[in-house]
Amino acid sequence: MLPDSATIQSTLRKAVAAIIGIVLALVLLTALLVTGFYLLVNAATLALAPLVGEPEAMAITGLACLCLLALFFYRMTRPSRALRKTEGNTSASGSGSPIDVLRSLIASNPLEAAALAFAVGVAEQGDPRLKNLLLQGGMALMRQSAGSGSPVTGDSEGAPAPSADNTSSE
C-alpha cells in the first residue's frame, strides 16, 4: 500500500509547521532572554543609583556585566575536566593517529557528529568531487580497520590515483 500524494503533502505540511513553530519559539525565547537581561541590568542600576549616584551605579553594573562576560568566555575556552583527563592519558601513551582521535571525538559527541554529517550531506549533496573523496576515504578506513590496524600507506591495488580522479571529474 503506497501512501497517496494527499497523505504525503499533509505530512510535509505538518513537518514544515513543526519546524517553523520551533524556530519561532526559539526566536521568542531569545528575545525574552535578552529583554529580561536588559531589564535586570536596568533594575540593578536603578537600585544602586540612590546609594552611590547614577554614574557610579552604571559603572558598577557595567563592570558586573563585563565580569560575567569574561567568566562565560573563560569557561567556554577552558577544556573540561574529562577532556583534560583523556588528553593526559593519550599524551602519556604517545600520540595517537588522527583516525583514532577522530573516532574518540565521534564516540564522545555522537549527536554533534550526526548533526554535522547531516548538515554536510545536505549542503554538499550535488558535488561529485566531494562524494568521490568521501568514498575513497571511507574505503581506506574500511581497509585499515579490516587489516591488522596499521595504516595503509603504499596500498594502491584497486584504488585509482587521486590525480587521475581530479583530472577526469573536471
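Predicted model: local features only at pLDDT ≥ 70, side-chain atom pairs only at ≥ 80, totals over all residues.

Biologist: What share of the contacts with a separation of 6 or more comes from residues 24 or more positions apart?

Modeller: Contact here means heavy atoms within 4.5 Å. Among the contacts in the protein chain with a separation of 6 or more, residues 24 or more positions apart account for 35%.

Biologist: How far does α1 reach from its first C-alpha to its last?

Modeller: Helix α1 covers residues 5–52, and G53, with a positive phi near 100°, follows it. At 1.5 Å a residue, the span expected for its 48 residues is 70 Å. The reach in the model is close to that value, at 69 Å.

Biologist: Is T45 buried or exposed?

Modeller: T45 is found in helix α1. Leaving aside neighbours within four places in sequence, T45 is in contact with A57, M58 and T61. Because its relative accessible area is 10%, and the cut-off is under 20%, T45 counts as buried.

Biologist: How many disulfides does the structure hold?

Modeller: A disulfide needs two cysteine sulfur atoms within 2.5 Å. The cysteine sulfur closest to that of C65 is in C67, 9.4 Å away, so the two are too far apart for a bond. For C67 the closest cysteine sulfur is likewise that of C65, again too far for a bond. The number of disulfides is 0.

Biologist: Are C65 and C67 buried, exposed or partly exposed?

Modeller: The relative accessibility of C65 is 23%, and that of C67 is 46%. Buried means under 20% and exposed means over 50%. Both values therefore fall in between, and C65 and C67 each count as partly exposed.

Biologist: Which element gives the most to the nonpolar patch?

Modeller: The patch on the surface is formed by F37, L40, L68, L71 and Y74, with about 550 Å² of accessible area together. The elements that give two or more residues to this patch are α1 and α2 (54–77). L71, one of its members, lies in helix α2. With 3 residues, the element that gives the most is α2.

Technical notes:
Residues numbered from 1 in each chain as written. Heavy atoms only, no water. Helix = DSSP H or I, 4+ residues; strand = E, 2+ residues; numbered from the N terminus. Buried < 20%, exposed > 50% of the residue type's maximum accessible area, 1.4 Å probe, protein only. Expected span 1.5 Å × (residues − 1). Patch = residues over 30% accessible without salt bridge, like charges linked within 9 Å, V, L, I, M, F, W, Y side chains within 5 Å. Areas by Shrake-Rupley, 256 points an atom, 1.4 Å probe, with all protein chains shown as cover. Salt bridge = Lys/Arg side-chain N within 4 Å of Asp/Glu carboxyl O.
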